[in-house]
Amino acid sequence: MDIKIQALHFDAADKLREFIQKKVTKLEKYSDDILSADIILKVVKPESSNNKDASIKLNVKSDELYANKTAESFEEAIDLCVEALEKQLIKYKEKVQSK
């Protein structure tokens, strides 16, 4: 799977990039159809506490799956996105198998 990480208006630390790679790679156990993942990180309203926004777009063979979450840290936002995508991948897999 090809993973692209894009941090808008800041430089993501290597530790954060490794964390994202590890989490997103785990999604492969739900489906072999994942071609690539595009991750976008951004800080919204710097003065508020819940201001780390993460979105993940998974390109699968015949579809696109998407999750966008905001949390206090990028790690937490990525965790929430990955959980949402796990559910989407399970539904996607059931849909593909039923065809």
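The questions and answers below go through a predicted model of a protein and set its computed values against the definitions behind the words.

Q: How do you know which residues and values count in this model?
A: Residues are numbered from 1 along each chain as its sequence is written, and side-chain values use heavy atoms, with hydrogens and water left out. Because the model is predicted, local features need pLDDT of at least 70 and side-chain atom pairs count only at pLDDT 80 or more, while totals for chains, interfaces and linings use all residues.

Q: What makes up the secondary structure of the protein?
A: There are two helices and four strands, and from the N terminus on they follow the order β-α-β-β-β-α. Helices (H or I, at least four residues) and strands (E, at least two) are DSSP runs, numbered from the N terminus.

Q: Why is the protein called as compact as a globular protein of its length?
A: Its radius of gyration, taken over C-alpha atoms, is set against the globule rule, which is 2.2 Å times the number of residues to the power 0.38. The value is 14 Å, close to the 13 Å that the rule gives for 99 residues, so the protein counts as compact in that sense.

Q: How does the span of helix α2 compare with the expected one?
A: The expected span of a helix is 1.5 Å times one less than its number of residues. Helix α2, residues 74–98, has 25 residues and reaches 36 Å from its first C-alpha to its last, close to the 36 Å expected.

Q: Why is Phe 74 called buried, and why does Phe 10 count as partly exposed?
A: Buried means under 20% relative accessible area, exposed over 50%, and partly exposed in between (1.4 Å probe, protein chains only). Phe 74 has a relative accessible area of 8%, so it is buried, whereas Phe 10, at 23%, is therefore partly exposed.

Q: Why is the pair of Phe 10 and Phe 74 called stacked?
A: Rings of Phe, Tyr and Trp (its six-membered ring) pair if their centres lie within 6.5 Å; planes under 30 degrees apart count as stacked, over 60 as edge-to-face and the rest as tilted. Here the centres are 5.2 Å apart and the planes stand at 10 degrees, so the pair is stacked. The pair links distant parts of the chain, 64 residues apart, with Phe 10 in the loop between β1 and α1 and Phe 74 in helix α2.

Q: What makes a set of residues a nonpolar core, and which residues have the most contacts inside the largest one?
A: A nonpolar core is a set of buried Ala, Val, Leu, Ile, Met, Phe, Trp, Tyr and Cys residues joined through side-chain atoms within 4.5 Å. The largest has 28 residues, and those with the most contacts inside it are Ile 39, Leu 41, Ile 56 and Leu 58. The largest share of this core, nine residues, comes from α2.

Q: Why is Asp 33 called buried, and what is it in contact with?
A: Asp 33, in the loop between α1 and β2, has a relative accessible area of 17%, so it is buried. Contact means heavy atoms within 4.5 Å; leaving aside neighbours within four places in sequence, Asp 33 is in contact with Asn 59, Val 60, Lys 61 and Tyr 92.

Q: Why does His 9 count as exposed, and what is its phi?
A: His 9 lies in the loop between β1 and α1, and its relative accessibility is 86%, so it counts as exposed. Its phi is positive, about 65 degrees, although His 9 is not a glycine. Most residues other than glycine have a negative phi.
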